[in-house]
Amino acid sequence: MVKFESKKTSDGLFLTVKDDNDGEKTLIISVFSSMTGAFADNWKIDHYPPHLKKWVSGKSPKAILNSSHHHEKDTTRPLSLLYDRISRREVTWSSKPQFGVTFLHIPLYWEWTEDIIRRCKTTLMKTDLIDAVYASMFLYKCNSPLVQRFCEFWCPTTNTVLTGDGEASISLWDLRILGGLPIYGAFYDEVVPTALELEGSQDGEQFLPASCKYMFTALQSIMSTSRRSHVTFEEWCHFWFRAPKRYSATIFPKAVENFSHFGIPESWSNKHEALTLLNVPEEHRQQTYLAAFLSCWLCAFVFPLKDLGCIRPSVFKPASQLASGQRISLAISVLASIYRGLNEISHSLTPGRSCSNFPAHYVHAWTAQYFRSHCMSVHDFTGAQMIAFHDASNVKKLTSAEAKVFIRSGQDINWIGNCMCNPKDRLLMDDSTLRQDVDFLLSIRSCFLTLRYDNDHVVEPYSPHRFSRQFGFCQNIPGALKPDSEEPSLQYLWSLLIRVTRVKVSFRSPPPKARGTISPTGKEGQEKASSQFPDERAIFHDIFGEDEAKLREKQKGDQAEDDFDYVKELEIMGNAFAFNNPNAKELEHTTASIDPNVLVAASDPVAMYAAATIIARGPEVVNESSAISMEAPSFTARVMISAADR
C-alpha cells in the first residue's frame, strides 16, 4: 500500500509517495501552489479593462480586424531579426541546426494509441482531443532550409515572421485546425498537487479525479524497480500496455479514413496488467488507463518542455482532469511555448545549437500549409490536418537560397490556408455557446498567451491583427503593443483572454481553397490537387456577390458607409496585371507605364483574385486609370491604393 504525505522544509514543499511495505521505496517531488481547483489562489478580478465594443471595422469582404491592447498607429521603427545578426556575421548557424523538439518513435506508443482510441473514443471526443491524439501516431519531418530561413525572419518583438508580403504567424486557429488542439477550456495547470488535494474531498466529492493518485503510485513502482530517478517514455508505455510490438522506427502506421477502423474495445486482459497491480477498482479503470496515456502524450507530443524523454509527474493533474472529461485549453499554452522557443532561437548566440524546447512538429505542419514546403497526401484520412504532411517523402527539396526567396518574398504564401469558410455574411456572438465559434473568436482576439508548468510562468503577446489576412480580413497598419504599468498575474491575463464579452462580430471568409500546398507527385495526385482549386470567376462572385457593373452602381449610393473604393482598387489591380500580362497589347487603352514596384506591392489576395478575374474576362471590363509611380515596393495593396488616391 502507498501512502501520500506533504512535507515542508527550508527548501520548499514536497510530496512524498511511500511504500508501507518497504520504507526505502519513497518518492519525493517538489510541490508548487495550484492555480486551479479547490486549493487555487484567488481568481477574483476586481477590475477588467474595457473590452472592444467593435472587433471589426468596415464591411465584409473589406473588413479590418481591430486590436484591444495595441496603439492604433505605429511609427516606423526597426525590428530586430536573427537575419540581421547573421548578415553582420555576429552569429552563424550550426552545421546541423535543430529547431525545437522532434517527436520520435516510442516503442509500444503507437500500439497503445490505437488501443486508447478504440477503448476511450467517447471521452476523447467529449474533451475534443481525439484528432490531436491521433496526430501523434505519425512523424513529421522538418524542411530544414525553409524552417531555418523562417527562424531568421522571425521577429521576437511582434511574434510574427516578416515577409515581403507582410507579417504572418502561427495562430490559435492554426493549432486548432492543423493540430486538433482545443482552444476554449480550463486553464492548463501543470503542477504536482499536495497530499490533501490528491486524496481529500469536500461534500463527498474528491478534489482531484481518483486516477491522479494511481499515476503517482505507478511512477513510484517503476522507479523503485529500475532504481533510477526518472521514468522514460518506453518504460511508462511498457508498464501500462503489454502487447506485441507491430511498429518500429522504420515501420509506421497508416492513416485511416475513420476511427471505426480500430474496431470495438476488448475486455481487460493481460495487456492491462498494470491496473491489477495497482489495485484499481473496476469503476476507475478506464479513466486511470486513459490518464496514464495522456500523461505520456502530454510530455512527448504536446509539451516537450523539460526532462526530455521522461515522464514529468507534474502532468498527472491535467492528464487526470482530461481523462475525467474536463475540457482544458491546450492550444493557448502550446502556442505560448512555440513563441517562446522561436524567440529563444532568434536571440541565441549559437542558433541551432541552443536547447529551445517546444513541439517542433506544429511548426513544420504550419510551414507546410502556408509556405508550401511539403506535398500533401492525396489519400483520405480522418483527424487533424497536419496528418496530410506526415510522409517524409512529401518534403519539398529546397536549397538555402530557394528557401530564402520563399520566406523573404512571401509571394507564394497561402494566406487563407486554414481560414473558416463562410461564403455569406455570418453573425458570431461571443457568448461561449457554439464551440467552433468560440474557438474562432478567441483566435482573432488580441491577448497575452500564458503557460504554467511547475514554477515557470510564460507570457507571450498574441497579435492576430498583425496577420489578419489569415482569418479572411484585410490587413491594416498594426500598432505597437501598449506597455502595462503593472506586471499582471497569469490569472488576470487568462481571464482577459477567456472572458465573455457578448460582442457581435459579422464575419465573412474568403472562398475555400485547396488544403494542400505543393501539388502531389504522380498523375492522379496532380489531377486531384488541381481539381480542388476554384475557378477565378467563381472566386470573384463569391467575394463580391455581384458583377462589377452592379457593384459600381451600388457604390454610388453607399459611398458614405464604405471604407474602401472597391472599383478603384479593381481598376488599379487590373492595370497592374495588364502591365505584366503577355497579352497586354490587346489592352491598348490600359495605361502601361506602371512602375514595376506596383507589381510587387499587388499582394492583397482578395484584390489579386479579383484582378485576375478581370483580366480573364477581357479588356472591356478594365477601365483606364492614371499611371502610378512609387519609390519603393509596398507590403500590401492597401498602401498602394492610398498612394494612388493621393
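**Reading helix angles, contacts and confidence**

User: Why are helix 10 and helix 11 called oblique to each other?

Analyst: Helix 10 and helix 11 are oblique because of the angle between them. In this predicted model, helix 10 (residues 282–302) and helix 11 (residues 316–323) pack at about 130 degrees, their axes lying 8 Å apart. Angles under 35 degrees count as roughly parallel, over 145 as roughly antiparallel, 65 to 115 as roughly perpendicular, and the rest as oblique. An axis is a line fitted to C-alpha atoms, for helices over the stretch in contact, and the angle runs from 0 to 180 degrees between N-to-C directions. Helices themselves are DSSP runs (H or I, at least four residues), numbered from the N terminus.

User: Which residues make the contact of helix 10 and helix 11?

Analyst: Contact means heavy atoms within 4.5 Å. Helix 10 brings Gln287, Leu290, Ala291, Leu294, Ser295 and Leu298, while helix 11 brings Phe316, Ala319, Ser320, Leu322 and Ala323. By class, 8 are nonpolar, 3 polar and none charged. Here Ala, Val, Leu, Ile, Met, Phe, Trp, Tyr, Cys and Pro count as nonpolar, Asp, Glu, Lys and Arg as charged, and the others, Gly among them, as polar.

User: What makes helix 7 and helix 8 roughly perpendicular to each other?

Analyst: The axes of helix 7 (residues 211–226) and helix 8 (residues 233–240) come within 11 Å and cross at roughly 110 degrees. That value sits in the range from 65 to 115 degrees, so helix 7 and helix 8 are roughly perpendicular. Among the residues that meet are Tyr214 and Met215 in helix 7, and Trp236 and Phe239 in helix 8. The contact of helix 7 with helix 8 has 8 nonpolar, 2 polar and 1 charged residues.

User: What makes Glu114 and Arg246 a salt bridge?

Analyst: A salt bridge needs a side-chain nitrogen of Lys or Arg within 4 Å of a carboxyl oxygen of Asp or Glu. The closest N and O atoms of Glu114 and Arg246 are 2.2 Å apart, so the pair qualifies. Glu114 lies in helix 2 (residues 109–126) and Arg246 in the loop between helix 8 and helix 9 (273–277), 132 residues apart. By this rule there are 20 salt bridges.

User: What is the mean pLDDT of the protein?

Analyst: pLDDT is the predictor's confidence in each residue, from 0 to 100. The mean is 75, and 68% of residues reach 70 or more. Over residues 554–646 the pLDDT is below 50. Where pLDDT is low, predicted coordinates should not be read in detail.

Residues are numbered from 1 along each chain as its sequence is written, and side-chain values use heavy atoms, leaving out hydrogens and water. Local features need pLDDT of at least 70 and side-chain atom pairs count only at 80 or more, while totals for chains, interfaces and linings use all residues.

How values were computed
Helices (H or I, at least four residues) and strands (E, at least two) are DSSP runs, numbered from the N terminus.
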